[in-house]
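Have the sequence and the model open side by side as you read.

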Amino acid sequence: MKNQSPDLRRQIAVTVSLVVCIVGSMIGVGVFGGTPIAQAAGGALAADSTLLAPATPAFSIWSVVYAGLVAYTVWQWLPSQRSNQRQRSLGWIVAVSMILNAAWILSVQAGFLFVSVLVILALLITLVLAFLRYSQSRAGSWVEAVVVDGTLGLYLGWTSVAVCANIAAALKAAGFGGFGLRPEVWSVAVLVVVAVVGIALAIKGHGRLALAAAIAWGLVWITVGRSADAPESFPTAVAAAVAAALVLGAAITVRARSVMAGAGVGVAHDR
């Protein structure tokens, strides 16, 4: 029983964190009377606020991420997962990520944009740590590959794009002038960094498709936003589209090479 107590505490912590995360998300969409994120902080995070803001449909990915986190929480309660080394290495990290998720929503609701930047950076670091840990081992089944690796991959991929939009919104709200450079110079430079990071994650993660797909999803909706809605920016739209193609292409290439090399990616690896 003594050996199981830390595992039980971890499972409970993950569950409580999920509840906090879900309640926070409901506040973020205005269910409990709070201001929707797009309208909070003077609309700083609206789809038309900066050149790096994805179009509104992009945010529907949160529904998939939250569903995945619910599935993950249920999964980690299975008897076979209580003392599983993978869950032991990930559980507390996932719990912290969900608390940070709720904290980010509340900070935006309160209008504390720079605090929200610090929180989302902490969330990003937490998810990168989770990525580094689950990348060290393969999922034991296709269900685990989807529920654990797939969910955390989507979570990290989308956050990687969201953090750029968040920082851009905070800088704009603070009156940052870009040191005299045109806004497109900054937006394209940031998108180049996102592409480089996305490719690096694809290589490090052996071509994890969920992660790359989430990054590409966010980038494609930046392309849509800058092509169809104000502020329009052809250079930003093109850069986002190219970055999406590079990240997704890198993941597919790495995955294909692993399969060809007989690395046994199959169902035992992540999604």
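Predicted model: local features only at pLDDT ≥ 70, side-chain atom pairs only at ≥ 80, totals over all residues.

Helix 8 (residues 209-228) and helix 9 (residues 234-260) pack with their axes 8 Å apart, at an angle of about 165 degrees. Helices here are DSSP runs of H or I, at least four residues long, numbered from the N terminus. The axes are lines fitted to C-alpha atoms over the stretch in contact, and angles run from 0 to 180 degrees between N-to-C directions. So helix 8 and helix 9 are roughly antiparallel to each other, a label for angles over 145 degrees. Helix 8 passes helix 9 in a left-handed crossing, meaning that the near helix is turned anticlockwise from the far one by less than a right angle.

On the helix 8 side, the residues making this contact include Leu209, Ala212, Leu219 and Ile222, and on the helix 9 side they include Thr236, Ala240, Ala243 and Arg255. Contact means heavy atoms within 4.5 Å. The residues of the contact of helix 8 with helix 9 divide into 17 nonpolar, three polar and two charged.

Residues are numbered from 1 along each chain as its sequence is written, and side-chain values use heavy atoms, with hydrogens and water left out.

Back to the helices, with a second pair. Helix 5 (residues 113-134) packs with helix 6 at about 155 degrees, and their axes are 9 Å apart. That makes helix 5 roughly antiparallel to helix 6. Helix 5 passes helix 6 in a left-handed crossing. The residues of this contact divide into 20 nonpolar, five polar and one charged.

Which residues does Leu191 touch, not counting residues up to four places away in sequence? They are Leu52, Leu219, Ile222, Thr236, Ala239, Ala240 and Ala243. Leu191 itself has its place in helix 7 (residues 183-204). Leu191 is buried, with a relative accessible area of 2%; buried means under 20%, exposed over 50% and partly exposed in between, using a 1.4 Å probe and protein chains only. Leu191 and Val147 are 44 residues apart in sequence and 29 Å apart in space, C-alpha to C-alpha.

Now for the charges. Side chains of opposite charge can pair when their charged atoms come close. A salt bridge here is a side-chain nitrogen of Lys or Arg within 4 Å of a carboxyl oxygen of Asp or Glu, and by this rule the count comes to six salt bridges. Three of these pairs are set out below.

| Salt bridge | Closest N to O distance |
|---|---|
| Arg10 and Asp7 | 2.8 Å |
| Arg88 and Asp7 | 2.8 Å |

Asp7 is worth a look. It is found in helix 1 (residues 5-28), and at 4% relative accessibility Asp7 counts as buried. Arg10 and Asp7 are three residues apart in helix 1, so about one helical turn separates them. Arg10 is buried too. Asp7 also forms a salt bridge with Arg88. Arg88 lies in helix 4 (residues 85-109) and Asp7 in helix 1, so this pair ties together parts that are 81 residues apart in sequence. Arg88 counts as partly exposed, at 34% relative accessibility. Leaving aside its neighbours within four places in sequence, Asp7 is in contact with Arg82, Ser83 and Arg88.

How is Arg86 paired? Arg86 lies in helix 4 and Asp149 in helix 6 (residues 142-173), so the pair ties together parts that are 63 residues apart in sequence. Arg86 is buried, with a relative accessible area of 7%, and Asp149 counts as buried at 0%. Arg86, Glu144, Asp149 and Arg208 are linked in a network of salt bridges.

Gln87 is found in helix 4 as well. Gln87 is buried, with a relative accessible area of 0%. Apart from neighbours within four places in sequence, its contacts are Arg10, Tyr72, Trp75, Gln76, Gln81, Glu144 and Val148.

Technical notes: Helix = DSSP H or I, 4+ residues; strand = E, 2+ residues; numbered from the N terminus. Parallel < 35°, antiparallel > 145°, perpendicular 65-115°, else oblique. Nonpolar A, V, L, I, M, F, W, Y, C, P; charged D, E, K, R; others polar.
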